[in-house]
Amino acid sequence: MDLRESGIYSVLIGLLLCAINVLAGWLIAHYSFKRKFEKAIGIVMGSMVARMAIMLGTAAYIIAAVPIDILAFSLAFGVGNFILLFVEILYFHFKMS
């Protein structure tokens, strides 16, 4: 069995993609909180939509081009993004209030 097609490798790729997304969100939030509230909300929400589109495109490319276990990757990526997006929203909520 090729290591690249194993479930653990696929889960790690999915979680790495989620971690990159969260790191980008944190950096953008850190940058935007130095601005006025209205501007910061626009930057945060706009970046969230843009990052979701980029992550979906990247996930689609990985599924199509990389020999991975698609189910393991998709579950790790989907669940990871759901949980980390929820944590990110809570972080923004508590940081701005």
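**Notebook: a chain of three helices**

I looked up Phe73 and found it buried, at 1% relative accessibility. I use buried for under 20% relative accessible area, exposed for over 50% and partly exposed for what lies in between, with a 1.4 Å probe and protein chains only.

The model is predicted, so I note that local features need pLDDT of at least 70 and side-chain atom pairs count only at pLDDT 80 or more, whereas totals for chains, interfaces and linings use all residues. I number residues from 1 along each chain as its sequence is written, and side-chain values use heavy atoms, with hydrogens and water left out.

**Overall form**

I counted three helices and zero strands, in the pattern α-α-α along the sequence. Helices here are DSSP runs of H or I with at least four residues, strands are runs of E with at least two, and both are numbered from the N terminus. The C-alpha trace spans about 55 × 20 × 15 Å along its principal axes.

Of the 97 residues, 28% count as buried. I took contact as heavy atoms within 4.5 Å. Among contacts between residues at least 6 apart in sequence, 76% join residues at least 24 apart.

The chain exposes about 6400 Å², of which carbon and sulfur atoms supply 77%. The areas come from the Shrake-Rupley method with a 1.4 Å probe, and for residues only the protein chains shown count as cover.

**Aromatic pairs**

How many aromatic pairs does the rule give? I found two. Rings of Phe, Tyr and Trp (its six-membered ring) pair if their centres lie within 6.5 Å; planes under 30 degrees apart count as stacked, over 60 as edge-to-face and the rest as tilted.

Phe33 and Tyr91 make a tilted pair, 6.4 Å centre to centre with 45° between the planes. Phe33 lies in the loop between α1 (7-32) and α2 (37-65) and Tyr91 in helix α3 (residues 70-96), so this pair ties together parts 58 residues apart in sequence.

Phe73 and Phe77 form a stacked pair, 5.7 Å centre to centre with 10° between the planes. I place both in helix α3, four residues apart, about one turn of the helix. An α-helix has 3.6 residues a turn, so residues three or four places apart point the same way. Phe77 is buried, at 9% relative accessibility.

**Helices α1 and α2**

I compared each helix with its expected span, which is 1.5 Å times one less than its number of residues. The 26 residues of α1 should span 38 Å, and the end C-alpha atoms are 37 Å apart, which agrees. For α2, with 29 residues, I read 41 Å from the first C-alpha to the last, close to the expected 42 Å.

The buried residues of α1 include Ile13, Gly14, Leu17, Cys18 and Asn21. Those of α2 include Val44, Met48, Arg51 and Met55.

Ile20 also lies in α1, but it is partly exposed at 44% relative accessibility. Its C-alpha is 16 Å from that of Ala60, 40 residues away along the chain.

**Arg35**

Where does Arg35 lie? I located Arg35 in the loop between α1 and α2, partly exposed with a relative accessible area of 35%. Leaving aside neighbours within four places in sequence, I list Ala40 and Ile43 as its contacts.
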